[in-house]
Amino acid sequence: MLAAAALAVTPAATAKDFKPGDLRVCNARRCVPMMNRTVLPLLGAFYYGPHEPRVASPVRLGAPAFELRFTNGYATGIAASARLDRFLSYGVNLQHFRRGVWYRVPARVAAELRRLTAGMKPLRVTQAALAKSR
């Protein structure tokens, strides 16, 4: 019985661990997979806990942004601002993120997003982008 309980819990725990390429950072034309094995656990903790993410001030309209997408194309939300240090959820993990609320991206994750998107033309924060979180 103990072994069955352990097996029932294990898939839920491992489903929250990002593997290289599970999440991509995208503009309108191109997506770059997130592969950094040091940053992926930080990203998993940001998306799924165990701590509440830090609320941040809203990003202004027109600010640079990139979508964060799973490999199946589902956009989890946008990372935005000149430093890509703010996140707005498009409905991913609503037990952790509230719709319409901006969150502070962990510094090492934001640095990796900036590195991956260097030279890519960003999307822009628009009313339509904000509406995806409502």
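Mentor: A nonpolar core is a set of buried Ala, Val, Leu, Ile, Met, Phe, Trp, Tyr and Cys residues joined through side-chain atoms within 4.5 Å. With that in hand, please ask about this predicted model.

Trainee: Which residues have the most contacts inside the largest nonpolar core?

Mentor: In general, nonpolar side chains in soluble globular proteins tend to be buried together. The largest nonpolar core here has 26 residues, and the elements that give two or more residues to this core are strand E1 (23-26), H2, E3 and H3. Apart from this core lies another one, of 12 residues, which includes Ile78 and Tyr90. Inside the core of 26 residues, those with the most contacts are Tyr47, Leu68, Phe87 and Leu113.

Trainee: Leaving aside neighbours within four places in sequence, with which residues is tyrosine 47 in contact?

Mentor: Tyrosine 47 is one of the residues with the most contacts inside the largest core. When its neighbours within four places in sequence are left aside, the residues that tyrosine 47 contacts are Phe18, Leu23, Leu68, Thr76, Phe87, Val92, Asn93, His96 and Phe97.

Trainee: Where in the chain is confidence lowest?

Mentor: The mean pLDDT of the chain is 87, and 88% of its residues reach 70 or more. Over residues 1-15, however, the pLDDT is below 50, and beyond near neighbours in sequence this stretch has 1 contact in the model. Confidence is highest in helix H3 (residues 107-117), at 98, whereas the lowest mean, 37, belongs to helix H1 (residues 2-15).

Trainee: Is leucine 84 buried or exposed?

Mentor: Leucine 84 lies in the loop between E4 and E5, and its phi is near 50°, a positive value in a residue other than glycine. Most residues other than glycine have a negative phi. Because its relative accessibility is 4%, and the cut-off for burial is under 20%, leucine 84 counts as buried.

Trainee: How many Å separate the backbone nitrogen of glycine 100 from a polar atom of the side chain of serine 133?

Mentor: Serine 133 sits in the segment after helix H4 (127-131), and it is buried because its relative accessible area is 0%. Beyond its neighbours within four places in sequence, serine 133 contacts Leu88, Ser89, Tyr90, Arg99 and Gly100. From the backbone nitrogen of glycine 100 to a polar atom of the side chain of serine 133, the distance is 2.7 Å.

Terms used
Residues numbered from 1 in each chain as written. Predicted model: local features only at pLDDT ≥ 70, side-chain atom pairs only at ≥ 80, totals over all residues. Heavy atoms only, no water. pLDDT = per-residue confidence, 0-100. Helix = DSSP H or I, 4+ residues; strand = E, 2+ residues; numbered from the N terminus. Contact = heavy atoms within 4.5 Å. Buried < 20%, exposed > 50% of the residue type's maximum accessible area, 1.4 Å probe, protein only. Polar contact = N/O pair within 3.5 Å; in protein donor to acceptor, adjacent residues only side chain to side chain.
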